[in-house]
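User: Hi, I'm new to this one. Could you walk me through it?

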Amino acid sequence: MATGTFDLNELKRRMQGAIQSLKHELGGLRTGRASASMLEPVQVEAYGSHMPLNQLATVSVPEPRLLSVQVWDKSMVHAVEKAIVNSNLGLSPATEGQVLRLRIPELNQERRKELVKVAHKYAEAARVAVRHVRRDGLDVVKKLEKNHEISEDDQERFANDIQKATDATIAEVDQLLATKEKEILTV
């Protein structure tokens with residue numbers, strides 16, 4: 001933020017960064033349902049480098065508990081298979097030609113509770129990130145007011161705007177967490 005200016009949209013953009021990061025982390029948490037995003041972190045050793053799985057295959061969800069991975073290049077089937085097995089997702093592919101089928105095992109109650117705890121950790125980290133952005137914003141407007149670059153009224157108005165943006169973003173974090181928790185606990 002440049003001195004002498006206060007940019008609420010910049011703060012909101014930074015707060016949305018925390019939301020995007022949370023969505024990505026929650027997306028990687030395995031629930032009992034199949035989701036194409038589960039395989040996003042999988043890196044395949046292909047053509048002499050590490051490549052994301054989605055650059056070598058199409059991932060689809062034909063059934064709620066099944067992922068289908070259509071490998072485009074026949075010579076890459078084994079590499080994709082190996083990457084999935086080594087990914088610590090606990091999935092073992094059944095391969096038919098260039099298609100890998102991945103059954104998603106049931107989650108037991110204990111594992112579900114662990115996943116909920118992890119989801120809560122992610123959400124808390126996002127809330128903390130949002131509060132840091134709020135603090136940065138409040139510091140800027142206090143400084144501007146102290147240097148007589150804005151009036152006391154402006155400072156109060158900006159502080160209120162920052163608080164509103166913070167509250168809205170934290171509500172969004174809570175909503176994402178509630179949705180994910182329900183998803184994890186739904187058998």
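**Strands, helices and salt bridges**

Analyst: Let's start with a strand pairing: Leu 66 has Arg 103 in β6 as its bridge partner. This is a predicted model, where local features need pLDDT of at least 70 and side-chain atom pairs count only at pLDDT 80 or more, while totals for chains, interfaces and linings use all residues. Residues are numbered from 1 along each chain as its sequence is written, and side-chain values use heavy atoms, with hydrogens and water left out.

User: How many bridges join β4 to strand β6?
Analyst: Five bridges join β4 to strand β6 (residues 99-103), and the two run antiparallel. Two strands count as paired if DSSP finds at least two bridges between them. Strands here are DSSP runs of E with at least two residues, helices are runs of H or I with at least four, and both are numbered from the N terminus.

User: And which way do β3 and β4 pair?
Analyst: Strand β3 (residues 57-63) and strand β4 (residues 66-71) pair in the antiparallel sense, over five bridges. Thr 58 stands opposite Gln 70 in β4. A hairpin through two residues joins β3 to β4.

User: Is β4 mostly covered or mostly open?
Analyst: Mostly covered: five of the six residues in β4 are buried. Buried means under 20% relative accessible area, exposed means over 50%, and partly exposed is in between (1.4 Å probe, protein chains only).

User: Let's zoom out. How many helices and strands are there?
Analyst: The protein has four helices and six strands. Along the sequence they follow the pattern α-β-β-β-β-α-β-β-α-α. The radius of gyration is 22 Å, well over the 16 Å that the globule rule gives for 187 residues, so the protein is more spread out than a compact globule. That radius is taken over C-alpha atoms, and the globule rule is 2.2 Å times the number of residues to the power 0.38.

User: What does the C-alpha trace span along its principal axes?
Analyst: The C-alpha trace spans about 70 × 40 × 20 Å along those axes.

User: New topic. How many salt bridges are there?
Analyst: The structure holds twelve salt bridges. To count, a side-chain nitrogen of Lys or Arg must lie within 4 Å of a carboxyl oxygen of Asp or Glu.

User: Why would side chains pair like that?
Analyst: Side chains of opposite charge can pair when their charged atoms come close.

User: Which residue does Lys 180 form a salt bridge with?
Analyst: Lys 180 forms one with Glu 183, and their closest N and O atoms are 3.3 Å apart. These two are three residues apart in helix α4 (residues 152-185), so about one helical turn separates them. Lys 180 is buried at 8% relative accessibility, whereas Glu 183 is partly exposed at 32%. Elsewhere, salt bridges that share partners join Glu 124, Arg 127, Arg 131 and Asp 174 into one network.

User: What is the N to O distance for Glu 124 and Arg 127?
Analyst: Their side chains meet in a salt bridge at 2.8 Å, N to O. Glu 124 and Arg 127 are three residues apart in helix α3, so they too sit about one helical turn from each other. Glu 124 is partly exposed, with a relative accessible area of 34%, while Arg 127 counts as buried at 13%.

User: And where do Arg 111 and Glu 114 lie?
Analyst: Both lie in helix α3 (residues 109-146), three residues apart, about one turn of the helix. Arg 111 is partly exposed, with a relative accessible area of 36%, and Glu 114 is partly exposed at 39%.

User: Great, that gives me a picture to work from. Thanks!
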